[in-house]
Structures are given as C-alpha cells and as structure tokens.
Amino acid sequence: MEHVKVAFGTGVVLGLWHGQLAVAPTTAHLLTHHEGRCSANCKFCPQAREAAADLRMLSRVVWPRFELKKILAAIGENSNEFERVCIQAVNYPNVVDDLCELVARVRGACGLPISVSCQPLKAGDIRKLADAGAERVSVALDAATPEIFERVKGSSYTWGGHLEALEHARAIFGDRVSTHLIVGLGESEREMVEALQFLHDRGITTALFAFTPISGTPLSSRPPPDIASYRRIQLARFLIVNNLSKAKRMRFDGGRIVNFGVGRDVVNKTVKSGEPFRTSGCPGCNRPFYNESPRGPIYNYPRKLTRDEIAMVTSQLNLNEDQDDILK
Ligand code: SF4
C-alpha cells in the first residue's frame, strides 16, 4: 500500500501540509485509499456508490491522499500530539487486507491505540484486525431504528447484519467496541434515546454525530438537526452511558424528551460540567468540526466548553428551574 488519505486537520498536526486549525484533532484520522467509490450506498455519504460528491470528502472534512511512508514517519515523530489513531475504511474488495496492513504499519510506527472504523465484517476478519494490533473496532449503525436504517443504508446493509457484526466485535474486543449514530435522519428523540440505551446495555460505546448535508448526496437538501433537540439527546446519552439514568426512566411528549429521569440537581450539575456536549466516541477522539463549521452552531465541542458556551447550551436546553422538566 503506497498511499492513504489523511483528514485535513491531522495532516496539519503531522506537518504534511500547512493550514489554520481552530482546534487540533486529538485523534489522527486516516482513511484507506481506494480508486473509485465505496461499494455501499449510504444516502448521506459523499463516498457512496451512487453519490456525485467530491471523493476527497468524508462528512464535511477533506481527506487529501498522501504517501504512506511519509505519514508513518510523521506519526512516529508527532505521536505525543495525539491520543489515538483512527483508521477508517470505505467498502471495497480486499479492504480487510488493506486494513490489517495499515494497522500493523501504524503499530510499528507509534505506540498509540488504534481504532478501526469499518463495514460489518465477518468474525474471522474482525479477529484479523485484533491480531494486527487494533485496540478497538467501530461498526457504524448510523440509524437509530431498523426502518431508518433500511431507508438510508438498506441497499447495501441490514440492521441485523450490523448488530451481528457488533456482537462478534464484542466477543473479540470486549468493551472496546464503538458505533456511530447520526441524529437527524428522521428519528424521534425517544427512538434515539432508546437506541443509545440498547447499545449501552450491550456494552457498546456510542458516538453521536449530527446529520450533515453534503452536496452530491441524495440527502443534500435535508437540514441538520435542531440544535436544542441535539442538546437534549447529548444530555440523555451522557446520563445513560454514565449509569445516572435510563431511557425507561425518562419521559417523552410526542417523541420529545421532557424529563431526564433524574432530579433537577443532577441535571444542573451535569449540564454545568459541559461534558455531555463534547465529542463522544472512542476515548481521546475529538473529531473537530466534523459535523459543523467552526463558526457554529457547534454540535460536538472538540474541547472543554467555556463558561459562555455552557450558558448558551443551558438556554438551548430550556430547563425548568422549578421542576425536573424541560419547558415547552
Ligand atoms: S469515535 Fe472517533 S476514533 Fe472512534 S471510530 Fe469513531 S471517529 Fe474513529
């Protein structure tokens, strides 16, 4: 393998090219290089088989192609700038061989933990990734319900197949398995919260993404999610993954969260920490501005929130100061 793609911000930190970064990535992001499009056809993705989008893009980030040897040397020299390496892959024949080679070579270049984010692989292939030195694996469910999955990813994948791959990954990687969920594909807040609980109960780490319309994809005219709704889901996720609340303790009105199932003191303390609103996923992954322009609105904060930002998030949540509920 001679070349891979490097997320723009990662390349800046590695010194591969120059650029201004509002916030530096704490995870180095690489993407397998493949001539042509992904063989799958997810409707939000610029790499998809039938998309007419720029192939240098993944979400709203540009990933220029670069020589692997030089990337590995730069990762070796700059490994203290990062907490993790994430290797992502589009779907094509022999992708597993490429992933294993890339994991082994990154492993040889630095001591950083490596996440691999890939299509639902067979158990034997997931085992190969572990043997090559991957620390975690992520299979992106993206959709919160089987119906939305079918609509958005159904031409190439099945909900059951993804869950099965996540189960196989759990058997091999233990609690070092992640998945991505995209808010804004048509699910209700309740459906997203129930998906977060379902995955948490199965020991799977969840990373929240805000749907980002990309031109040249079938969903290019769909709007990004409402920011207040995204904040409620971020807060619910944080309470669930830290075992402070459960989906079944929360209350919903027309699919919308109106109560988080914990006392007002816990909600206030959690919101004031700012932690629920930071990028979620594998440890050490901040994915700066993957979903949004640095000009905002910022869905996933790639660093600690300032006091002003916490005040803004609090007003977006519209919490009721007298009761445990959210104001309508
Ligand atoms: S959460 Fe971050 S490090 Fe983990 S698979 Fe997703 S993008 Fe990669």
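Helix 3 covers residues 95-109, 15 residues in all, and spans 21 Å from its first C-alpha to its last, close to the 21 Å expected at 1.5 Å a residue. The expected span is 1.5 Å times one less than the number of residues. The model is a predicted one: local features need pLDDT of at least 70, side-chain atom pairs count only at pLDDT 80 or more, and totals for chains, interfaces and linings use all residues. Residues are numbered from 1 along each chain as its sequence is written. Helices (H or I, at least four residues) and strands (E, at least two) are DSSP runs, numbered from the N terminus.

Four residues of helix 3 are listed as buried: Leu99, Leu102, Val103 and Val106. They fall within an arc of 100° seen down the helix axis, so they line one face of helix 3. The arc is taken from the directions from the helix axis to the C-beta atoms. An α-helix has 3.6 residues a turn, so residues three or four places apart point the same way. A residue is buried if 20 or more other C-beta atoms lie within 10 Å of its own, exposed if 12 or fewer, and partly exposed in between; C-beta atoms are placed from the backbone. The face of helix 3 turned away from the buried side carries Asp97 and Gly108, both exposed.

The buried residues of helix 3 pack against both strands and helices. The strands are strand 1 (3-6), strand 2 (27-32), strand 6 (84-88) and strand 7 (114-118). The helices are helix 2 (68-77) and helix 4 (123-132). Two residues are in contact if their C-beta atoms, placed from the backbone, lie within 7 Å.

Helix 4 packs on helix 3 at an angle of about 15°, with the axes 8 Å apart. Axes are lines fitted to C-alpha atoms, for helices over the stretch in contact, and angles run from 0 to 180 degrees between N-to-C directions. Helix 3 and helix 4 are therefore roughly parallel to each other. Angles under 35 degrees count as roughly parallel, over 145 as roughly antiparallel, 65 to 115 as roughly perpendicular and the rest as oblique. The crossing of helix 3 past helix 4 is right-handed. Helix 3 makes this contact through Val96, Leu99, Cys100, Val103 and Ala104. Helix 4 contributes Asp125, Lys128, Leu129 and Ala132. A crossing is left-handed if the near helix is turned anticlockwise from the far one by less than a right angle, and right-handed if clockwise.

Helix 2 also meets helix 3. Their axes come within 8 Å and cross at roughly 40°. Helix 2 and helix 3 are therefore oblique to each other. This crossing, too, is right-handed. Leu72, Ile75 and Gly76 of helix 2 meet Arg105, Val106 and Ala109 of helix 3.

The loop between strand 6 and helix 3 holds Val90 and Asn94. Val90 has 23 C-beta neighbours inside 10 Å and so counts as buried. Neighbours within four places in sequence aside, Val90 is in contact with Thr32, His34, Cys38 and Gln47. The C-alpha atoms of Val90 and Met192 are separated by 25 Å, with the two residues 102 apart along the chain. Asn94 counts as exposed, because 9 C-beta neighbours lie inside 10 Å. Asn94 is not a glycine, yet has a positive phi of about 70°.

Helix 8 (residues 227-241) has 15 residues and reaches 21 Å between its first and last C-alpha, close to the 21 Å expected at 1.5 Å a residue. Eleven of the 15 residues are buried, so helix 8 is largely enclosed by the rest of the structure. Among the buried residues are Arg231, Arg232, Gln234 and Arg237, along with Tyr230, Ile233, Leu235 and Phe238. The cover over them includes strand 9 (177-183), strand 10 (205-210) and strand 12 (256-259). It also includes helix 7 (189-201), helix 9 (264-273) and helix 10 (307-317). Just after helix 8, Asn243 takes a positive phi of about 55°.

The loop between helix 9 and helix 10 holds Arg287, Tyr290 and Pro297. Arg287, not a glycine, has a positive phi of about 30°. Arg287 counts as buried, because 23 C-beta neighbours lie inside 10 Å. Tyr290 has 22 such neighbours and so counts as buried. Neighbours within four places in sequence aside, Tyr290 is in contact with Ser59, Arg60 and Val61. The peptide bond from Gly296 to Pro297 is cis, with omega near -5°.
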